Amino acid sequence: MNRFCSRPFTSTLLFLSSVAFLFSTTYAQTPTRQYSLKVESPQFRELIDSKAQLSRVATGFGFTEGPVWDEREFLYVSDEEQNKIYKVSKDGRKEELISLGDPDGNAYDHKGRLIDCASVLRAIIAVTPDGKYTILADKFEGKKFNSPNDVVVGPDGAIYFTDPTLDLVKGETQEIPFQGVYRLDEKGDVRLLTKDLTQPNGLAFSPDGKRFYVDDSEQRNIRVYDVTTDGSLSNGRIFGSEAGGKHEGVPDGMRVDEAGNIYVTGPKGIWIWDPEGHHLGTIEMPEQPANLIWGDADYQTLYITATTSIYKLRTKARGFVPYLAQNQQKQEKQNAKN
């Protein structure tokens with residue numbers, strides 16, 4: 001049953017702030033980086049112009065994650081160290097939406113709700129524009145989730161999310177003996193899709209909905225699965241690997257463009273892959289990125305959450321935005337009926 005929750009979490013916030021501080025400090029110790037474009041294939045230039053300039057939208061955060069673009073021209077952004085979700089305007093102004101223990105990945109669902117992976121609550125929640133939240137799911141077969149990390153809306157309108165132990169609160173017990181990927185439907189039913197990954201993190205669907213990508217931060221690779229008509233996954237295999245040095249980052253957030261190319265944060269920046277698993281090139285970043293989202297009116301700009309800042313980069317590609325695609329399909333079906 002959905003419910004509004006007011007669970008106190010002050011002591012937990014103190015612990016998570018310490019963990020996030022250590023995490024961000026680790027990245028701060030990384031040698032100074034500069035923005036650059038590392039080309040591995042001529043196809044990279046078809047997606048990112050050689051003269052494209054990276055610009056910083058806002059800074060002064062603890063550790064940024066979970067960007068969501070709103071058509072009213074602002075971003076929702078999680079700050080895992082400051083334990084808040086912010087609304088951030090294009091001119092860099094930020095406004096607190098909600099204080100929440102270690103918020104992580106976010107997405108809009110097809111109803112236009114902001115869905116958040118709430119690590120401290122060990123739950124998937126819906127956050128309202130006035131800063132209240134409803135728990136949509138916090139258990140699988142009666143056991144608490146580990147620490148939901150990232151979320152995406154599937155072509156069927158269901159919510160798909162990863163549940164690693166990356167942010168499991170110290171002192172709390174892991175009740176589910178694996179790190180899974182799940183599907184949450186509109187009735188509130190939770191289905192386990194796979195438990196083959198050691199630390200599942202970012203996830204995305206191909207534009208046609210036939211393939212599902214999820215990366216493993218511990219194994220430093222990306223897996224791809226075939227999607228059946230009922231949302232189940234099959235034929236899991238390795239799609240690509242993102243090896244890197246210490247403190248250079250691991251596979252994390254991911255997005256897809258309309259042509260099916262995959263953009264995955266990883267060592268030093270954002271790795272771009274074509275649908276066949278060829279690494280086309282890397283957008284090397286001045287700060288280690290954790291996640292990204294398509295934005296602006298034409299959805300050709302990447303907004304990137306990278307440690308203490310938010311950046312943007314204009315591209316030649318147009319982003320695939322799941323909830324917009326679903327709404328368009330519904331409208332087309334409605335028009336066909338009329």
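The model is predicted, so I took local features at pLDDT of at least 70 and side-chain atom pairs at pLDDT 80 or more, while totals for chains, interfaces and linings use all residues. I number residues from 1 along each chain as its sequence is written, and side-chain values use heavy atoms, without hydrogens and water.

Entry on Arg122. I find its side chain in a salt bridge with Glu172, at 2.8 Å from N to O; the term means a side-chain nitrogen of Lys or Arg within 4 Å of a carboxyl oxygen of Asp or Glu. Glu172 sits in the loop between β15 (159-163) and β16 (180-184) and Arg122 in the loop between β9 (114-118) and β10 (123-127), so the pair links parts 50 residues apart in sequence. Strands are DSSP runs of E, at least two residues, and helices runs of H or I, at least four, numbered from the N terminus. I note Glu172 as partly exposed, at 24%.

Entry on Asp49. I list a salt bridge to Lys316, with the closest N and O atoms 4.0 Å apart. Asp49 is in the loop between α2 (44-47) and β3 (54-59), and Lys316 in the loop between β28 (309-314) and α3 (322-337), so parts 267 residues apart in sequence are tied together. Asp49 is partly exposed at 32%, and Lys316 is partly exposed at 45%.

Entry on the total. I count 14 salt bridges by this rule.

Technical notes
Buried means under 20% relative accessible area, exposed over 50%, partly exposed in between (1.4 Å probe, protein chains only).
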